[in-house]
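Reader: I'd like to go through the calls made on this model one by one. Could you show me the structure and then take my questions?

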Amino acid sequence: RTWSDLDALAADEGRNWVWRGATCLAPAHRRCMVALSDGGKDAVTWREFDAVEARFVPGGFVTAEAKSDIVWQDEDHLLIVSDFGAGTLNSSGYGRQLKRWTRGTPLAGAALVYEAPASDVWLRPIVERGQRGDHVLILRNMTTWTSELMRVADDGRIRALPMPNDA
């Protein structure tokens, strides 16, 4: 199925799929992670999609349903915030752990990159691509109105960027 035929996909799978977006790997934008919500809830299932062949990737990245956020680091690695089990959700019910998931490995074995306090409301991975290379960033929302932007260095060290938390 193509990703534009969600009604047929939903019928085939006995689900009520609602489109919740996609994130594609730049610069080619061939590999995408597509977010599908069963019935429109906040929790989604992510599936790897090949935009050139217009099909889901056999054996590609797939997540279980959860309130989660994903971004491509490179062709074989995703950065994911999700429900990883007991103690991994914040007080708002969203993931508080950022992990690096390697293609061909189970999500349960993904490497922990960062863990936010349980009192935070949101955690989001970001990858900025530029002429001087890619930069992995973490957006940590302590409250609805305050946040901290951090950079993950190549050696794994995390450093907050010098900006006011209400910017």
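Reader: What stands opposite Val-152 in β12?

Author: That's Ile-158. This is a predicted model, so local features need pLDDT of at least 70 and side-chain atom pairs count only at pLDDT 80 or more, while totals for chains, interfaces and linings use all residues. Residues are numbered from 1 along each chain as its sequence is written, and side-chain values use heavy atoms, with hydrogens and water left out.

Reader: What makes β11 and β12 a pair?

Author: Strands pair if DSSP finds at least two bridges between them. β11 and β12 (residues 158-160) are joined by three bridges and run antiparallel, so by the rule of at least two they pair. Strands themselves are DSSP runs of E, at least two residues, and helices are runs of H or I, at least four residues; both are numbered from the N terminus. In the hairpin of β11 and β12, five residues sit between the strands, and Gly-156 takes a positive phi near 95°.

Reader: How do you know that β10 and β11 pair, and in which sense?

Author: β10 (residues 133-141) and β11 (residues 147-152) share six bridges in the antiparallel sense. Arg-140, for instance, has Glu-148 in β11 as its bridge partner. These two strands also form a hairpin, with five residues between them.

Reader: Why is Glu-128 called partly exposed?

Author: Buried means under 20% relative accessible area, exposed over 50%, and partly exposed in between (1.4 Å probe, protein chains only). Glu-128 comes out at 43%, so it counts as partly exposed. Glu-128 lies in strand β9 (residues 122-130). Leaving aside residues up to four places away in sequence, Glu-128 touches Gly-133, Asp-134, His-135 and Leu-137, where contact means heavy atoms within 4.5 Å.

Reader: Which residues of α1 are buried, and what do they pack against?

Author: In α1 (residues 6-13), Leu-6, Ala-8, Leu-9 and Ala-10 are buried. The buried residues of α1 pack against β1 (17-24), β2 (31-38), β3 (45-50) and β4 (55-56). Just after α1, Gly-14 takes a positive phi of about 65°.
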